Amino acid sequence: MGKGGALSEGVVKKILLSYAYVAIWIFLSFTVIVYNKFILDKKLYNWPFPISLTMIHMAFCASLAFIIIRVFKLVEPVSMSRDLYLSSVLPIGALYAFSLWLSNSAYIYLSVSFIQMLKALMPVAVYSIGVLFKKEPFKSDTLFNMLSISFGVAVAAYGEAQFNAWGVFLQLGAVAFEATRLVMIQILLTSKGVSLNPITSLYYVAPCCFVFLLVPWVLVEYPILKESSSFHFDFLVFGTNSLCAFALNLAVFLLVGKTSALTMNVAGVVKDWLLIAFSWSVIKDTVTPINLFGYGLAFLGVAYYNHSKLQALKAKELQKKAAAADEEAGKLLEEKNAGEGTGNRSDPQD
């Protein structure tokens, strides 16, 4: 009874901790998105410089990651050769830089709610690029699933009251770069046995992101900032914004490490619906019934895709366990046969 009580108490504690990790991640992800929108939107804080904001984030996150890894030694660095860094990390850093630049730029032109709806295309982009690079098998049922998600997003776009073609182009570009980055991580790092957690990822990737953004910043935003005498760097606003961005990476580390990637996917769906509700009720963005209907269709498609991926992972795990069991049984049989053979040879002859 006592053991059962202790076990149930431990299970309850584990469940509560999982919910806490999910709540922290949703809160921080929600905060970073709304905070970025607040800074970049011309009607709010009115600082429409997405490259500069992204560079501030990268510099802050890279500095904190360096302190955590090299000064306090709280996280072990990954063994990284110069050739591996140049051939694998640099391309991923370039993709990440452009993804963040374009996604932050979209906040200037689109509502928070509509951006979340467009982000539902991420599985479509990841699957398409995965098939292109032969990391995903082509299946007709998966293609139909991707088309259903795309149709839902198209319906949501049709019903968007504040549609802006340039903003949509920027957000779709961000989705394409981010999807390519995720596939490239599999090809350039995971396949080589290199695994980066969010802290080591920032340590290696954030500095090269900063460098890649430096060129467009000098050409696009620096001349405007140089001429603007009214702007004074607000350490409170940009410091807390960058801290939230870094804390979000820590939350990802906790959520995936202590729960699972599937939990993060489910939490992401909850966060998207909360952002849509917040955008409509607090920011007063217009959300039409056609918006919601289209996003609902896309949401069902994404949910089915995640379910299919989970079932495939379970099937693969079962195959691995069955193969391991067969291998173990084969070894035991070989040992038994070897033992019987030795016993027969040691019998006295008549």
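Colleague: Asn46 is placed in the loop between α1 (2-40) and α2 (50-71). What is the phi of Asn46, which is not a glycine?

Modeller: This is a predicted model, in which local features need pLDDT of at least 70, side-chain atom pairs count only at pLDDT 80 or more, and totals for chains, interfaces and linings use all residues. Residues are numbered from 1 along each chain as its sequence is written, while side-chain values use heavy atoms, with hydrogens and water left out. The relative accessible area of Asn46 is 44%, which makes the residue partly exposed, given that buried means under 20%, exposed over 50% and partly exposed in between (1.4 Å probe, protein chains only). Although Asn46 is not a glycine, its phi is positive, at about 60°.

Colleague: How many helices and how many strands does the chain have?

Modeller: Helices (H or I, at least four residues) and strands (E, at least two) are taken as DSSP runs and numbered from the N terminus. Along the sequence the pattern reads α-α-α-α-α-α-α-α-α-α-α, and the C-alpha trace spans about 110 × 50 × 50 Å along its principal axes. Of the 350 residues in the chain, 41% are buried. The count of elements is 11 helices and zero strands.

Colleague: Lys284 also has a positive phi in a residue other than glycine. Is Lys284 buried or exposed?

Modeller: Lys284 has a phi near 70° and is found in the loop between α10 (261-281) and α11 (289-345). Its relative accessible area is 61%, and Lys284 therefore counts as exposed.

Colleague: Helix α3 and helix α7 pack together. Which orientation does α3 have to α7?

Modeller: Helix α3 (residues 82-109) and helix α7 (residues 165-189) have axes 8 Å apart, at an angle of about 160°; such axes are lines fitted to C-alpha atoms, for helices over the stretch in contact, and the angles run from 0 to 180 degrees between N-to-C directions. Angles under 35 degrees count as roughly parallel, over 145 as roughly antiparallel, 65 to 115 as roughly perpendicular and the rest as oblique. The angle therefore makes α3, relative to α7, roughly antiparallel.

Colleague: What is the handedness of the crossing of α3 and α7?

Modeller: The residues of the contact of α3 with α7 divide into 17 nonpolar, nine polar and two charged; Ala, Val, Leu, Ile, Met, Phe, Trp, Tyr, Cys and Pro count as nonpolar, Asp, Glu, Lys and Arg as charged, and the others, Gly among them, as polar. A crossing is left-handed if the near helix is turned anticlockwise from the far one by less than a right angle, and right-handed if clockwise. The crossing of α3 and α7 is left-handed.

Colleague: And what is the handedness of the crossing of α5 and α7?

Modeller: The axes of helix α5 (residues 122-132) and α7 come within 9 Å and cross at roughly 50°, and the two helices are therefore oblique to each other. Their crossing is right-handed.

Colleague: Which kind of aromatic pair do Phe114 and Phe163 form?

Modeller: Rings of Phe, Tyr and Trp (its six-membered ring) pair if their centres lie within 6.5 Å, and planes under 30 degrees apart count as stacked, over 60 as edge-to-face and the rest as tilted; the whole structure holds 17 such pairs. Phe114 and Phe163 are 6.3 Å apart centre to centre with 55° between the planes, a pair classed as tilted. This pair links distant parts of the chain, 49 residues apart, with Phe114 in helix α4 (residues 112-118) and Phe163 in the loop between α6 (140-158) and α7. Phe114 is buried at 1% relative accessible area and Phe163 is partly exposed at 45%, and the kind of pair they form is tilted.

Colleague: What angle lies between the planes of Tyr203 and Tyr204?

Modeller: Tyr203 and Tyr204 are both buried. Their rings form an edge-to-face pair, 4.9 Å centre to centre, and the angle between the planes is 80°.

Colleague: The side chain of Asn241 makes a polar contact. Which residue does Asn241 join, and at what distance?

Modeller: Asn241 lies in helix α9 (residues 235-258) and, at 0% relative accessibility, counts as buried. A polar contact is a pair of N or O atoms within 3.5 Å; within protein, one must be able to donate a hydrogen and the other to accept it, and residues adjacent in sequence count only if both atoms are side-chain atoms. The side chain of Asn241 joins that of Asn36, at 3.1 Å.
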